[in-house]
Each structure stands twice: as structure tokens, then as C-alpha cells.
Amino acid sequence: MAAKEAQVQEPKDVAARRLSMIIEQYVEARKRRFGFVSTDQAARVIRRILKPAPSDPALSDRKLDDMVAALAVKNGLPVFFDRGLRGPAGTEADLNRKEPIMRAPTETPDVAGAVDAILSGQTAQLSMKAVISLLRERTGTKRSDADLEGLIAKKAAVLHVHLSQSG
């Protein structure tokens, strides 16, 4: 008889398992259709589905975000921590409001490919500043100079191209 009682799950275990299943289903749906997860949208959808009983332990926004983000990252999805950008979450009117579908940010042009083209097509020695200037002109990238310098330095090393230090 004691073994049978041990198999019965505690209500908090059932609630935790249900929550993890809902999060898993949400992440899988986002993975198939959108390729990213928004913590704000996830919280709104999950809380709407969950409808916790008064006896269930309270689930903080941060804990929910962490659970969603951990599973999304485990599934190879980028996570946008955007809670609070649209105001407080959870009102029924907000959940039913028709909004444009959130899309992942558009990718910038192939900056790495442009670096390859610039470095492999040059016969004269270029400075780092000149390569960055050419790169911005060709791609319109808004990436920081430091980020571009790192990319250019790596590509130059791989292609055995020496860049001058002068501007």
C-alpha cells in the first residue's frame, strides 16, 4: 500500500509538469513557424493557457522568462527578452488584440562575404579604416567599428592578407 501512495504525484508536481509541457509545446510551435521566441509573447500565451488555481504557487515573470529562454536556447532558437516593451502583460483585451505578426529582425547583407571580396580583390595594401569604409559603403552595415575590426582581422589572417596600421 505504501508503494501505491508513493506513485501518486503531489499537486505542485503536477502543476510544474503541466507548466513545462505547455512551455515545450509553445517553443516547438515557435520553432516550426517563426524561428525565434519572444519572452513577452510567450508569457502572454502561457499565462492565458495556464490559468493557475489559487492553490498553485505563484510563478514570477522572471522565472517564466528563464524557463522559456532555457528551452528555446536548448532547441537552437534565438530569444528576444522584450517583456515590458508594450506595457504590463496579462490583460484579456491585450491578448485578443490583433497585432501584426512579430518577425525576426531582418538580416544585414552578407558582411563576411563582402570582407572576403574586399580582401581577396585588393592588390594594394589597405588600412583597417579603409576596409571598414569600403565595407560600410558596399553593405550599409550598422555594426560597430570594433565588431568590424574583429571580423576583418580574422578574415585577413585566414586569407594571409596584411593590413597597414595607418589610416
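Predicted model: local features only at pLDDT ≥ 70, side-chain atom pairs only at ≥ 80, totals over all residues.
## Val158 in helix 8

Val158 is exposed, with a relative accessible area of 64%. The cut-off for calling a residue exposed is over 50%. Val158 belongs to helix 8.

Along the chain, Val158 and Asp116 are 42 residues apart, and their C-alpha atoms are separated by 9.8 Å. Asp116 lies in helix 6 and is one of the residues through which helix 6 meets helix 8.

## The protein as a whole

The protein has 8 helices and 2 strands. In sequence order, these elements give the pattern α-α-β-α-α-β-α-α-α-α. The protein has 167 residues, and 28% of them are buried.

Taking the contacts between residues at least 6 apart in sequence, 65% join residues at least 24 apart.

## Helix 6 against helix 8

Helix 6 covers residues 111-120 and helix 8 covers residues 145-159. Their axes come within 10 Å and cross at roughly 50 degrees. Helix 6 is therefore oblique to helix 8. The crossing of helix 6 past helix 8 is right-handed.

On the helix 6 side, the contact uses Val111, Ala112, Val115, Asp116 and Leu119. On the helix 8 side, the partners are Leu148, Leu151, Ile152, Lys155, Ala156 and Leu159. Sorted by class, the residues in this contact between helix 6 and helix 8 are 9 nonpolar, no polar and 2 charged.

## Helix 6 against helix 7

Helix 7 runs over residues 128-139. The axes of helix 6 and helix 7 come within 10 Å, with a crossing angle of roughly 125 degrees. Helix 6 and helix 7 are therefore oblique to each other. Helix 6 passes helix 7 with a right-handed crossing.

From helix 6, the contact involves Val111, Ala114, Val115, Ala117, Ile118 and Leu119. From helix 7, it involves Val131, Leu134, Leu135, Arg138 and Thr139. The contact of helix 6 with helix 7 has 9 nonpolar, 1 polar and 1 charged residues.

## Helix 7 against helix 8

The axes of helix 7 and helix 8 come within 10 Å and cross at roughly 105 degrees. Helix 7 and helix 8 are therefore roughly perpendicular to each other, as angles of 65 to 115 degrees are classed in that way.

In helix 7, the residues that meet helix 8 are Met128, Val131, Ile132, Leu135 and Arg136. In helix 8, the residues that meet helix 7 are Asp145, Leu148, Glu149, Ile152 and Ala153. By class, the contact between helix 7 and helix 8 has 7 nonpolar, no polar and 3 charged residues.

## His160 after helix 8

His160 sits in the segment after helix 8. His160 counts as exposed, at 73% relative accessibility. Leu119 belongs to helix 6 and takes part in the contact with helix 8.

The backbone of His160 has a positive phi of about 55 degrees, although His160 is not a glycine. Most residues other than glycine have a negative phi.

Conventions
Residues numbered from 1 in each chain as written. Heavy atoms only, no water. Helix = DSSP H or I, 4+ residues; strand = E, 2+ residues; numbered from the N terminus. Buried < 20%, exposed > 50% of the residue type's maximum accessible area, 1.4 Å probe, protein only. Contact = heavy atoms within 4.5 Å. Axes fitted to C-alpha atoms, helices over the stretch in contact; angles between N-to-C directions. Parallel < 35°, antiparallel > 145°, perpendicular 65-115°, else oblique. Left-handed = near helix turned anticlockwise from the far one by under 90°. Nonpolar A, V, L, I, M, F, W, Y, C, P; charged D, E, K, R; others polar.
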